[in-house]
Amino acid sequence: MSVDTTLLTDVLARATARGASAADGFLIEEQSFSASVRLGQVDTVTHSREQRLALRVFAGRASAAASTSDFSRVSLERVVDEATALARVTTEDPHAGLPDPAELVDGVPDLGLEDHEGPDPTPEEKIELARRAEAAALEADPRITNSEGAEYFDRRAHYAYATSHGFARAYSTSSFGLSVSPVAGKDGEMQRDSWYTYARRRRALDAPESVGRTAAARALRRLGARKVKTTEVPVIFDPDTAATLLRSIAAAASGPSLYRRASFLFERLGSRIAAPAVTIVDDGLLPGALGSRPFDGEGLPTRRSVVVGEGTLRSYLLDTYSARKLGLHSTHHASRDGAGVSVGTTNLMLLAGPTNPAELIGSVKQGLYVTELIGFGVNGVTGDYSRGAAGLWIEDGQLAYPVEEVTVAGNLLEMFDRIDGIGNDLALRDRVASPTLKIARMVVAGE
Amino acid sequence: MTDKVARTRPESFFSDRFNVTPPLMERLLGNNLLGRVDDADIYLEYRVNEELVLEENVVKKASRHVSQGAGVRAQSGPRTGYAHTDDLAIGNLEEAARQARAIADRAGRSGVVAVPGHGRPHDLYTLAEPPIVTELARKLDLMRRIDAACRAADARVTQVIVSLTSEDVVMLIATASGWTVGDVRPLTRLNVTAIAEEGGRREIGSYGGGGRVAFDFYLDAERWKWFASEAARQATLKLAAVDAPAGAMTVVLGPGWPGILLHEAIGHGLEGDFNRKGVSAFAGRVGQKVASELVTVVDDGTIANRRGSLNVDDEGTPTGRNVLIENGILRGYMQDRLNARLMGQTPTGNGRRESYAHPPLPRMTNTFMLAGQEDPRDIVRSVKHGLYAVNFGGGQVDITSGKFVFSASEAYLIEDGQVTRPVKGATLIGNGPDALTRVSRVGHDLALDEGVGTCGKDGQSVPVGVGLPTIRLDGMTVGGTAVASSGAIRER
């Protein structure tokens with residue numbers, strides 16, 4: 001579907017007419033549907049329609065931003081006038097400005113981000129997918145005693161970007177998802193876990209029954225969980241929890257953290273920050289992937305960046321402003337969130353290693369296999385790390401019993417340096433993905 | 001130029017600006033919904049938000065956002081149909097009502113409209129000048145003074161980031177029972193972040209506050225200076241911090257923001273939806289002992305000018321002061337209309353939503369523990385070896401297993417009854433249903449937080465408050481990296 005960029009270009013024209021020296025704008029229009037089912041009954045069905053226009057205005061080297069969801073002429077005019085007035089009272093900043101027009105994306109590549117297949121199923125058919133997923137979880141074992149429900153959602157969105165220099169490009173995406181959260185119970189104990197499938201195309205979703213059975217197995221294996229004694233042992237992160245470690249690396253490698261000197265990766269470009277087996281890439285051009293996009297939030301073409309290559313920090317993640325502040329070039333990681341420009345990753349992955357995850361577990365005499373992390377105990381300035389964890393205790397190379405109410409703690413730089421096992425199980429199920437990771441030792445606090 | 005939204009009555013605001021009048025809202029509900037569902041409402045919202053960021057003494061961000069929309073909800077039994085649109089044209093509202101009503105068609109039954117009693121809305125935050133209308137120049141001037149004060153507080157401060165957000169929300173809700181009520185909600189928050197460096201070590205500290213208050217709140221008693229010096233103090237303090245201890249120990253929590261313990265350990269577990277579904281670790285435990293008899297916890301949405309307060313909740317129910325735990329006994333849950341109806345209880349004024357784009361859920365307002373008798377200094381002196389934690393970052397809970405965490409950002413060792421060395425940030429972990437049974441002493445120094453809390457649930461963020469007197473907890477697990485051997489703490 002083509003996206004009309006006229007509205008945007010009209011708004012930018014008004015901004016220059018009101019005295020802006022330059023301006024850019026990002027437009028998002030989306031329609032979404034979600035349905036949740038609990039214990040076989042429909043719980044909540046939501047239909048939504050949203051739109052937002054985000055505008056950035058420059059008065060020389062001073063800038064301001066504004067956004068609105070009201071596209072009436074009066075409201076759009078007010079937004080433009082407010083942004084240009086705001087820009088006049090803010091301070092000059094020598095690094096502020098749009099990217100060089102010569103570097104903007106030329107053609108918009110078709111990355112297969114939109115599902116074109118068949119007519120949209122009816123709400124009843126969508127609800128049935130959630131019902132089937134939850135039913136599979138409930139039927140998996142008599143110890144699945146309750147459920148927080150299953151949810152299906154789909155979303156179609158159109159994005160357009162334009163600058164006052166006359167650049168205007170647009171693209172469309174779709175996404176679909178299904179998740180289930182069953183509760184396992186035994187002798188008064190209750191444990192909840194969940195599983196999900198998420199894709200750009202409806203047909204790429206996992207079967208509802210498979211999602212339900214996996215969710216049930218995850219909840220069941222937590223029954224009988226206990227604390228362990230405080231100790232320092234090898235810790236293995238499953239792919240989903242390992243992916244959260246990558247998010248922390250990306251946050252520390254992002255331009256705004258760096259120019260504020262608020263990052264444990266400050267002045268580390270070109271130096272070793274991880275074990276030599278670790279390579280982390282951000283690839284925004286993978287066809288059909290959830291994080292792919294043809295251009296970034298400033299119209300710069302998306303690319304594949306090696307962030308960490310064989311343990312060495314190869315690239316930061318930069319938008320135009322943070323790059324200029326650091327005396328570097330944008331890495332085309334600008335992201336627009338309605339509140340201006342920030343830095344965001346596309347498909348961020350730690351590349352797979354050679355080892356079967358079962359072998360990684362088999363190599364540990366006493367240790368923790370982490371399947372869930374909670375809390376916000378990550379210090380992005382120092383890399384100090386302390387989070388709540390749940391998982392399974394490893395005894396003589398076997399998953400022995402479930403563990404809860406413990407913390408895992410260390411420092412991210414030490415943790416990445418101590419990675420001594422990388423699984424061969426990388427699967428891009430979300431925008432950030434990792435294989436199973438083994439860290440030689442961390443402090444597990446419990447009793 | 002400024003849109004003086006805040007001085008308007010909600011009813012006339014939406015009818016003047018969008019031609020959406022209370023009679024029209026009633027007609028949409030009446031024609032489409034009444035008699036076929038158990039409950040229904042239309043929620044209108046208009047929000048203006050301003051965000052200013054000063055960094056390196058330069059205005060890095062100045063932005064203004066306007067959003068508006070309507071959410072229509074129909075409920076039948078436990079089922080909810082929800083549709084929202086950001087285009088307030090009548091045709092779109094009719095379409096949203098039709099989509100929401102589909103839930104009732106699927107349910108295939110007609111119910112009775114439940115009409116809970118309505119009280120009078122409160123008047124907790126009428127301001128002569130709401131913060132959104134205060135002129136930009138005054139705001140930027142204060143932010144520059146804060147930058148200077150923070151740098152002046154300690155020579156090791158190398159970076160200062162000051163952010164100031166101001167917001168005004170006008171809401172109007174019409175329910176199927178013919179009750180229409182509106183609210184105008186100002187909100188502001190000031191935050192100061194300092195980065196300090198010394199000998200190649202870098203640390204971050206931040207402090208701030210706010211509420212449903214005027215901009216002058218920051219000038220009163222030179223509160224801004226306090227925020228600036230606290231941010232600098234927190235950052236520089238950590239430069240000398242030793243590794244936090246690891247393992248079970250006695251923890252003393254200071255007054256105010258450490259009340260996040262209550263929010264995570266018991267607050268979420270006492271929200272009606274999780275209990276109606278039987279997935280909370282507190283389900284079916286009203287009347288049982290869940291805390292030490294020293295503990296009384298309330299959720300109070302009626303405190304004037306607080307960040308978590310509301311005149312009416314987002315379903316039109318006036319907020320209340322609800323006792324959750326009284327002398328250790330669980331007294332009740334926090335309810336929205338749906339879960340109250342299904343559990344045969346009364347709505348407690350805790351039905352909240354992030355915006356028109358979200359259906360309401362039972363949520364907290366300002367949650368705190370009542371003061372006890374003890375001198376806080378005696379509480380610290382009663383501990384031989386332990387942790388004294390006075391400031392926290394975020395927290396999180398697994399409602400079903402009851403396990404919760406909250407992360408200390410300012411904490412000290414207690415050695416022989418004395419507060420000694422600062423330790424690095426560490427996560428504290430516990431089990432909700434038994435954490436408050438470990439409270440062995442409660443101080444007389446109840447304080448509410450400065451007005452900085454935001455709570456997330458099901459992808460919806462709402463402003464909340466917490467509060468706590470100094471308390472002692474026995475046998476909490478502290479997630480540091482220093483594994484104690486005969487009580488010695490490893491220095492780095």
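**Chain A–chain B interface and the domains of chain B**

In this predicted model, 63 residues of chain A are in contact with 66 residues of chain B (contact: C-beta atoms, placed from the backbone, within 7 Å). β2(A) gives the most to the side of chain A that touches chain B, at 11 residues. Local features need pLDDT of at least 70 and side-chain atom pairs count only at pLDDT 80 or more, while totals for chains, interfaces and linings use all residues. Residues are numbered from 1 along each chain as its sequence is written, with chains lettered from A and ligands numbered from 1 in the order in which they are written.

**Interface, chain A side**
- Elements giving two or more residues include β2 (41-59), α2 (73-89), β4 (144-163) and β17 (398-411) of chain A; helices (H or I, at least four residues) and strands (E, at least two) are DSSP runs, numbered from the N terminus.
- By class, this side has 21 nonpolar, 26 polar and 16 charged residues.
- Asp, Glu, Lys and Arg count as charged; Ala, Val, Leu, Ile, Met, Phe, Trp, Tyr, Cys and Pro as nonpolar; the others, Gly among them, as polar.

**Strand pairing across the chains**
- β3(A) pairs with β2 (residues 58-76) of chain B in the parallel sense, over 4 bridges (pairing: at least two DSSP bridges between two strands).
- Ser67(A) stands opposite His65(B) in β2(B).

**Domains of chain B**
- The assignment gives domain 1 (5-239) and domain 2 (245-483); bounds come from an automatic or database domain assignment.
- Their centres, taken over C-alpha atoms, are separated by 23 Å.
- The contact takes 41 residues from domain 1 and 32 residues from domain 2 of chain B.
- The domain 1 side has 16 nonpolar, 13 polar and 12 charged residues.

Methods
Two residues are in contact if their C-beta atoms, placed from the backbone, lie within 7 Å.
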